[in-house]
Amino acid sequence: QAILAQVSSIALLLPRQRCNQKQLCCMRPAMLHCSCIMKARTLALLSLVTDLMTVEGIVVDFQADAGAIPCSKGLFSSCDSSTKDAEANTAKMNRALAALAPGDTLKVPNTTFLMMGGVYAANLTRVTLQIDGTLLWSGDCDAWPTVVKHGKKTKMPIIAIQFEHTVALTITSSGTGLLDGNGAKWWGIPGIGYLLRGKNRPPLMTINDAQDFLLENINFVQAPRFNFQSSSLRNATIRNCHVDSRRTSADSHGAIDLTAFNTDGFDVSGNGIHIHDCSVWNQDDTFCIKASQDEPTANVLIENVHASGVGLSIGSIGAHRVTNITFRNVKMHHTSKGVYIKFNAKAAKGGVISNVTYENIYINKPESWPIWIGPQQAGIKEDGQKYNPCVGDPCSLCWPNLKSSKCPGVAALIDGLTLRNITINKPKLSPGVIIGNNSMKMRNLVFDDVRFIDPPADG
């Protein structure tokens, strides 16, 4: 109201001069006086609104102002904080985030804070979360809150940190912020932990329904499950961020490392997304295009990145549409899969992948299929049965090594796929797999300068 009063006062004081007939605001003689005053008032209002929007907000320090409890180094641990401290820190962050006004910043100082799952904020506009230190999530798996579904608790842990329904949210660091998911506590004993816990592990960060979103200068390590997952991003940028989900220091994706499964790097869906100058080393999809539930995922550019995991992926796509996707200028060192385009069984009800380009990609010594186009290769757990990786959704993880395993094509459409300037050096397996379906044939596939150097003799 005060701003409107100022605008009215300014407009009333403006000289009421008639406009020259050549001015744009003077199209009709009867409107000369009125139109000029309206234009002047509009300009004054715009100036004041602009000034308002450029006013700097306050900076809230997570420790000094919000009262967060930092870790102190113990005899046998880098953080001797208790589970109660972690729960208190999460509650304090939630209160601090909820209190932010447009222009405000919540700053995590350069030290380590133990957190519990459940950091959550919604409906924020033009706020910044500046992580200059480390947010270390608790490894107390039994104390971690779980998702409530239909009024009952489930075994699925809640997300570590989640934002929903935001406009111009920025997550950044003045140096390099660190999100540590304490994944080893969740992965358990290699080979046994996944069979026992399955997917009941918390994602590290989730962003849903975000307009004008920026994520930069953040490292993700040891995510129990997904590192970064999102939906309904609109005009989003992710830059200078890095993912590391390893179990060993090996320069490969061996049997032990692969038991840190489902640790996707950056899973994105929405419209107008740019990811650049990032890196991922994980045990699942590296940079992955997902399908939005409400609208097609479109206009995504991923460039100038390093990726090593289970592929530069599109999918798995069900009965949804993905279009105008580009991966370019990518180095993939000792990755498992390389180019990975995958439908799940639900895609037969209308799944479409169109206008996709992979270009300028170097894949060095891939350990699995360097190119896979077709059905998702994944294990599923059937109702009432133990997890069996050889039961596929729709393609078995045991295919083609186990003769009884199956890998059927899906009746979904791929229309417009270009692989250009792709170099694959010393693949362990055959150059790749393309599996279609006779009832929905692929269209407009182009392989332009796709080179294989020293493939296996039995290719």
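Is Glu303 buried or exposed? Glu303 is buried, with a relative accessible area of 11%; buried means under 20% relative accessible area, exposed over 50%, and partly exposed in between (1.4 Å probe, protein chains only).

The model is predicted, so local features need pLDDT of at least 70 and side-chain atom pairs count only at pLDDT 80 or more, while totals for chains, interfaces and linings use all residues. Residues are numbered from 1 along each chain as its sequence is written, and side-chain values use heavy atoms, with hydrogens and water left out.

**View 1. Salt bridge between Arg328 and Glu303.** The side chains of Arg328 and Glu303 meet at 2.9 Å, N to O. Arg328 lies in strand β22 (residues 321–333) and Glu303 in strand β20 (residues 297–308), so the pair ties together parts that are 25 residues apart in sequence. Helices (H or I, at least four residues) and strands (E, at least two) are DSSP runs, numbered from the N terminus. Arg328 has 28% relative accessibility and counts as partly exposed. A salt bridge is a side-chain nitrogen of Lys or Arg within 4 Å of a carboxyl oxygen of Asp or Glu. By this rule the count comes to nine salt bridges.

**View 2. Salt bridge between Arg239 and Glu216.** The closest N and O atoms of this pair are 2.8 Å apart. The bridge links distant parts of the chain, with Arg239 in strand β14 (residues 228–239) and Glu216 in strand β12 (residues 205–216), 23 residues apart. Arg239 is partly exposed, at 28% relative accessibility, whereas Glu216 is buried, with a relative accessible area of 13%.

**View 3. Salt bridge between Asp285 and Lys342.** The N to O distance in this pair is 2.9 Å. Asp285 lies in the loop between β18 (279–281) and β19 (287–289) and Lys342 in strand β23 (residues 337–343), so the bridge ties together parts that are 57 residues apart in sequence. Both Asp285 and Lys342 are buried.

**View 4. Network of salt bridges.** Glu359, Arg420 and Asp448 are linked in this network.

**View 5. Nonpolar patch on the surface.** Ile189, Ile192 and Leu196 form the patch, with about 340 Å² of accessible area together. Accessible areas come from the Shrake-Rupley method with a 1.4 Å probe; for residues, only the protein chains shown count as cover. Patches are made of residues with over 30% relative accessible area and no salt bridge; like charges are joined within 9 Å, nonpolar side chains (Val, Leu, Ile, Met, Phe, Trp, Tyr) within 5 Å. Ile192 is found in the loop between α4 (183–187) and α5 (193–197) and, at 43% relative accessibility, counts as partly exposed.
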